[in-house]
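Good morning, and thank you for making time for this presentation. I would ask everyone to keep the model in view while I speak.

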Amino acid sequence: MAELGNSGGGGGKKDGKVRSKKSDPRVDLTAMVDLAFLLITFFMLTTSLSKPQSMDLGLPDKEDKKEPEKDIKVDQRRTMTIIMGDNDKIKWYHGLLEAPEANGKPTDAQYGKNGLRKEILKRVVSIPQVTGDKEKGLIVIIKPSKKSTYRNLVDVLDEMAICKVPTYAIVNDITPEEKVLIEEMNK
């Protein structure tokens with residue numbers, strides 16, 4: 001039992017007078033402890049906990065590979081490829097690496113609003129105008145190298161969400177020409 005006691009004086013002689021000994025006042029705290037645990041339990045059960053926020057990723061279905069894969073042809077005017085290297089370095093190009101679109105040659109970029117985001121926003125606006133169809137927007141292919149960091153990949157995915165890129169994919173198939181770009185970038 002929890003108690004709160006007050007050691008008060010009692011008896012003894014003061015000024016020659018004899019006084020009777022006073023009993024110590026005691027407060028029983030058992031009920032207070034029970035009440036505290038009931039309140040804690042009540043608030044824990046009635047409080048809605050915040051759910052972690054995450055970005056939706058479309059993952060491929062698990063299918064048996066009975067049928068041969070069909071190559072999907074995509075208009076090169078709609079594609080932008082982002083290659084990620086180590087030490088926060090990235091390179092992007094618009095179109096095919098062998099035949100890039102106008103102003104789409106492989107270019108070094110930085111993360112953030114004045115780097116990669118600026119280029120993505122420019123293309124998000126211009127591609128529907130070039131294709132003449134609002135439904136045909138930008139397609140971004142993200143290619144992280146083995147030396148790129150998870151943080152950098154998340155930064156690029158954040159840029160996709162900020163720029164409202166309709167279609168993007170993370171691809172680990174890096175061509176030999178792109179490997180040369182990665183080696184140049186990492187120097």
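**A covered strand and its surroundings**

I begin with strand β5, where six of the six residues are buried, leaving the strand mostly covered. Please bear in mind throughout that this is a predicted model. As a general point, side chains in a regular strand alternate between the two faces of the sheet. In β5 both faces are covered: T79, T81 and I83 are buried on one side, and M80, I82 and M84 are buried on the other.

Let us turn to the partners of this strand. With β8, strand β5 pairs in the parallel sense, over six bridges. Along that pairing, I82 stands opposite I142 of β8, and M84 stands opposite P144 of β8. With β6, strand β5 pairs in the antiparallel sense, over five bridges; here M80 is placed opposite H94 of β6.

β5 and β6 also form a hairpin, with five residues between them. N87 sits in the loop that joins these two strands, and its phi is positive, at about 55°, although N87 is not a glycine. Is N87 buried or exposed? N87 counts as exposed, because its relative accessibility is 59% and the cut-off for exposed is over 50%.

K164 is exposed, with a relative accessible area of 68%.

Next, the interior. In soluble globular proteins, nonpolar side chains tend to be buried together. In this model the largest nonpolar core has 18 residues, and those with the most contacts inside it are I82, L116, I120, V140, I142 and M160. Two or more residues each come from β5, β6, α2, β8 and α3. The largest share, five residues, is given by α3. Another core, of seven residues, lies apart from this one and includes I83, L97, L181 and M185.

For L116, the contacts beyond four places away in sequence are M80, I82, I90, W92, A109, Q110 and V156.

I close with an arginine. R123 lies in helix α2, which spans residues 116–131. R123 counts as buried because its relative accessibility is 5%, and the cut-off for buried is under 20%. Leaving out residues up to four places away in sequence, R123 touches M80, W92, H94, A102, N103, G104, P128 and L138. That brings us back to β5, where M80 is among the buried residues.

Thank you; I welcome your questions.

Conventions:
Residues are numbered from 1 along each chain as its sequence is written. This is a predicted model: local features need pLDDT of at least 70, side-chain atom pairs count only at pLDDT 80 or more; totals for chains, interfaces and linings use all residues. Side-chain values use heavy atoms; hydrogens and water are left out. Helices (H or I, at least four residues) and strands (E, at least two) are DSSP runs, numbered from the N terminus. Buried means under 20% relative accessible area, exposed over 50%, partly exposed in between (1.4 Å probe, protein chains only). Contact means heavy atoms within 4.5 Å. A nonpolar core is a set of buried Ala, Val, Leu, Ile, Met, Phe, Trp, Tyr and Cys residues joined through side-chain atoms within 4.5 Å. Two strands pair if DSSP finds at least two bridges between them.
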